[in-house]
Every structure is written in C-alpha cells, then in structure tokens.
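Welcome, and please take a moment to look over the structure below.

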Amino acid sequence: MSTLTRFSSALSLVVLTVTGLEGAEVPFLSGRVNDYAGILSAESTAHLNELLKAHEDSTSNQVVILTIPSLEGEDLESFSIRVVDQWKLGQKGKDNGVLLLVSRDDRKVRIEVGRGLEGDLPDITCGLIIRREIIPRFKEGDYDAGVAGGVTAILAAIRGSYSASEEESGGEGDIVFSLLAGGIFIVVVGLFTMIGLLTRGGASWFLYVFLLPFWIAFPSAILGVVPGVTAFGLYAVGFPLMKLWLARSNRGKEFVHMLASKKIFSTAGSGGGWSSGSSGWSSSSGGSFSGGGGGFSGGGASGSW
C-alpha cells in the first residue's frame, strides 16, 4: 500500500506539473482544526484544538486537521500535497508537520506526514491508524469519534506508544508493483533520457527539462524519498556533464559515432555541433495561526469508507 500511495501521489504531481492543471482550491488555514465540511461538533472542535495546541507547545510538532466537502474531481494525494505545500506545516528545518485530511462527499481520508516525522509515522502506521481508528467510526456516521481517534493515535505514534503490529496483506502486491513500475521507468524514461543525450540542438534540452519530474517521481515512489532525491540529483547534474563528455572528449565522440554507425540512435539535428544551451475558499496566508515552513515529500497513507 505504501508504494502504491507514494507512486500515485508522485505521478499526480507530475501530471499537474506538466499540464498546469489544478483541482479544488486550497482553503485558508484558520487554525489547527479547519472543519470546512462541517462534520465536527463545537465540543469536539474545541477539544481537538486544545489537544493539538498542547502537543505543539510541548514538542513543536504541528498537527492540523482539514475537512472539506469534496475534492471536486481531484486526486486525494495530489490535493493533500498541494495543501501542505501551501500551508507549510511544521517548523522549517525540522519538517515536523502532519495533516489529517477528510473529504466528506468522496468518503476519503489521508494522513500526510512531514519528512521529519516519517520515522515516527511511517506509511504502515498511518495506514493502520486510518483502518483501525478512523474508518470504523466514519462508517457508523460518528465523525467526531473518528477524527478524535485518528488524532489521538497520531500523537501516540509520535510519542512511540502506538504499535503498528497488524500484518499488511499488500506486501507481495507492493513488490510486484515496484518491479512493474521499475521496468516502465527503465524502458520509457531511460529510453528518452538516452535519446536526449544523443540528440543535438534544442530538442535535447527540452527532453532534459521535460524528464526532470519523472526522475524524482518514479525513483521516490519505487525506492523511497532519499534514494529518489539522490537519483534526481544524479540526473540533474549528470545529464549536462554527460552531454559535455560526449561532445568534447575523443572517447565520447567515438561512442556517438559507433552508435550512429550501428543506427541505434540518430544523432542528426539542427546545427553542426552539440548544443550547450541553456468553491469560494480563500487561499491567502496570514492570520493568527500559520505554518512554520516545514516540508513534505509524500509520506503517509490514504483510505476510504
């Protein structure tokens, strides 16, 4: 489940980046409990505010609740990432923010975890909290109990007193999915990367820029955040260096000539040399409560009821 969640979130961000499309507008961050769907009672809202404030005052961890009427057709994971990117939950440098997101009409819930708390709240724990503490109560129509149970479990997990002991049934599926996604990445993204390296002119650099989001999305979804960022850095720096080596060194030129002679790739292009060219919500910031600049990278889990 964790691999599928990361892949879905990462791929959704790629689509949004490439197409420039956005779904529901990100609501205004009004406090620790943002009940735009109107599913929580006044008593529950007050209790949760006090609980989350006390936790933040003692630990600096910023746990925030958001309920919305609908995603308006957008993917849950991509909307959640847009929210935390705009709200900047957690402290800068600590990345210790957590978002509990509930979409009422879509009957979906997600826990989004900042990078600094992924060790305390790994995907498996978030998934267990959703399935064990939140969804059963939501199915009974008790949103107050479901949100309160989820928040209590999140805080307990951060303190190290919540155990994710339930066996995950999706482990074998995750392995198969990772192998499949890895194969697609190697064949498709790898092929276009090679074409970009061996193509002359502006088309080469267009492919370089176009493939940037794919080089962080796929490795992060398959291998995890740190290996994914590492792979992205290697591509971002290695591609221009490899282009330079192919264009300037004797061995590089021989390699390109060998591929051209075997008609593996066509290196024809313009110019004679290698190119070295270059729903009524307000989303404004401000108010008495705000995020502290924390960062997120897709850790967490989702569920539905």
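**A guided walk**

Helix H5 (residues 143-159) has 17 residues and spans 24 Å from its first C-alpha to its last, close to the 24 Å expected at 1.5 Å a residue; the expected span is 1.5 Å times one less than the number of residues. Helices (H or I, at least four residues) and strands (E, at least two) are DSSP runs, numbered from the N terminus. The model is a predicted one, where local features need pLDDT of at least 70 and side-chain atom pairs count only at pLDDT 80 or more, while totals for chains, interfaces and linings use all residues. Residues are numbered from 1 along each chain as its sequence is written, and side-chain values use heavy atoms, leaving out hydrogens and water.

How much of H5 is covered? Of its 17 residues, 12 are buried, where buried means under 20% relative accessible area, exposed over 50% and partly exposed in between (1.4 Å probe, protein chains only). Among the buried residues of H5 are Tyr143, Gly146, Val147, Ile154 and Leu155. They pack against helix H2 (42-59), strand S2 (62-68), strand S3 (97-103), strand S4 (108-114) and helix H4 (123-139), with contact meaning heavy atoms within 4.5 Å.

Now step back to the whole protein. It has nine helices and five strands, and along the sequence they follow the pattern α-β-α-β-α-β-β-α-α-α-α-α-α-β. Buried residues make up 47% of the 305 residues. The accessible surface comes to about 14,500 Å², and 59% of that belongs to carbon and sulfur atoms; such areas come from the Shrake-Rupley method with a 1.4 Å probe, and for residues only the protein chains shown count as cover.

Charged side chains come next. A salt bridge is a side-chain nitrogen of Lys or Arg within 4 Å of a carboxyl oxygen of Asp or Glu, and by this rule the count is seven. In one of them, Arg32 joins Glu56, with the closest N and O atoms 3.0 Å apart. This pair links distant parts of the chain, as Arg32 sits in the loop between helix H1 (2-19) and strand S1 (33-35) and Glu56 in helix H2, 24 residues apart. Arg32 counts as buried because its relative accessibility is 14%, and Glu56 is buried too, at 15%.

Asp95 and Arg115 also meet in a salt bridge (3.5 Å, N to O). Here Asp95 lies in the loop between helix H3 (76-87) and S3, and Arg115 in the loop between S4 and H4, 20 residues apart. With 15% relative accessible area Asp95 is buried, whereas Arg115, at 41%, is partly exposed.

Let us finish with the aromatic rings. The structure holds 14 aromatic pairs, counted when rings of Phe, Tyr and Trp (its six-membered ring) have centres within 6.5 Å; planes under 30 degrees apart count as stacked, over 60 as edge-to-face and the rest as tilted. Phe210 and Phe214 have ring centres 5.5 Å apart and planes at 40 degrees, so this pair is tilted. Both lie in helix H7 (residues 202-223), four residues apart, about one turn of the helix. An α-helix has 3.6 residues a turn, so residues three or four places apart point the same way. Phe210 is partly exposed at 33% relative accessibility, while Phe214 is buried at 17%.
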